[in-house]
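Welcome to the tour. Please open the model in your viewer and keep the selection tool at hand.

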Amino acid sequence: MRLVMHIFSIDDSGTIPPPNKITQGHFILGGLSIPEEQWHNLERDFSQICKQFSINGEVKWRFFGQKIGREDKTNTLTHLSLLEKDQLRSKLLTSTTKYPSVKIIIGVVHLPTIYSMPTMRHPKDVYHHVYGLLTDRFSHHLQDLTQKTGSKIHGIMISDHRNPAQDQELRNSHIDLMNDHGTRKPKYENLIENLFLSPSHHSIGVQFADFIAGAAFRYIEHGDERWYNLIEPNILRDASGEINGHGLVKIPDVWKEKDAESREPLEPALMTQSQRTLDTSKIEDFSP
């Protein structure tokens, strides 16, 4: 049996505010595990979709919410109408669920609660914490696949780069997470090499992870389910089909009660496949 490598690409929903300047309830770190045999299929799908909409360059989630006439210079979607942007977003998100072996993992951080923890004093503390939990979930996924196939399944991790100092801190945090006195920890033995950092415009996987984080943020922060429902079928589950704690990780486990920012529960609404189909007849200007 030929061994299959899994590539885990991650990206976030935006910048984490410091504890004294919380302007949002949640931060999302999203990732998708792509078996190497499906990577070229996703690359082809991405290329074909962009060609269909006459897009030349990177597509980022925040581009969809920039107001017409106020877009930044890197926005590649300025020629599209609101309806066309919705159609584009739908096609890109749906393409990630065409392949059942592609699995999605989402970390949902409740900022008011996590900053009440004594060990969380800075945005980097929060980022490294949720990064570690997603790494654990990905590693566990590889171990499950190894048990099912009887052959050891390996994985590598790719993240969007940020500024040089943040990149170096994340590299060091990743190495500390993986190793114990220079030896790979047993629970991470399916992961090979160390963390790869790539500009998002150079990585199809990171661009898809950006869409995953954006769709989850719209759902958790604003209650807009239409994009989340498109990716929900491929969110990682346990053997019983449970999402929470597996592909949808709530951080911390318990959020502050009576907090207006907290959207409970995280369990996604039960919807039929027909209900998951995007209704593009309704044109609304939603920000990311």
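**Before you start.** This is a predicted model, where local features need pLDDT of at least 70 and side-chain atom pairs count only at pLDDT 80 or more, while totals for chains, interfaces and linings use all residues. Residues are numbered from 1 along each chain as its sequence is written, and side-chain values use heavy atoms, with hydrogens and water left out.

**Stop 1: the whole chain.** Show the cartoon and you will find eight helices and eight strands. Both are DSSP runs numbered from the N terminus: helices are H or I with at least four residues, strands are E with at least two. Of the 288 residues, 51% count as buried, that is, under 20% relative accessible area, with exposed meaning over 50% and partly exposed in between (1.4 Å probe, protein chains only).

Stop 2: Which strands form the open sheet, and in what order? Six of them do, in the order β7-β4-β1-β2-β3-β8, with mixed pairing. β7 (196–198) and β8 (248–251) each have a single partner strand, so one side of each has no neighbour in the sheet. Two strands pair if DSSP finds at least two bridges between them.

Now select residues 6–12 and 155–160. These are β1 and β4, which run parallel and are joined by five bridges. Look for Ile-7, which stands opposite Ile-156 in β4. A contact here means heavy atoms within 4.5 Å.

**Stop 3: strand β8.** Select residues 103–110 to see β3, which pairs with β8 in the parallel sense over four bridges. Ile-106 has Leu-248 of β8 as its bridge partner. Are the residues on the two faces of β8 buried or exposed? Leu-248 and Lys-250 on one side, and Val-249 and Ile-251 on the other, are all buried.

**Stop 4: the largest pocket.** Select Asp-12, Ser-13, Gly-14, Thr-15 and Arg-162, which lie nearest the centre of the largest pocket among its 25 lining residues. This pocket has a volume of about 570 Å³. Helix α4 (123–149) gives the most to the lining, with four residues. On a 1 Å grid over the protein atoms alone, a pocket is an open set of points with protein on both sides within 12 Å along at least five of seven lines; a cavity is a set where a 1.4 Å probe fits but cannot get out, and lining residues have an atom within 4 Å of a point. Grid points are joined across faces, edges and corners, and a volume is the space filled by probe spheres set on the points.

**Last stop: Ser-200.** Find Ser-200 in the loop between β7 and α6 (204–222). This residue counts as buried because its relative accessibility is 8%. Leaving aside residues up to four places away in sequence, Ser-200 touches Glu-58, Lys-60, Asp-160, Val-206 and Gln-207.
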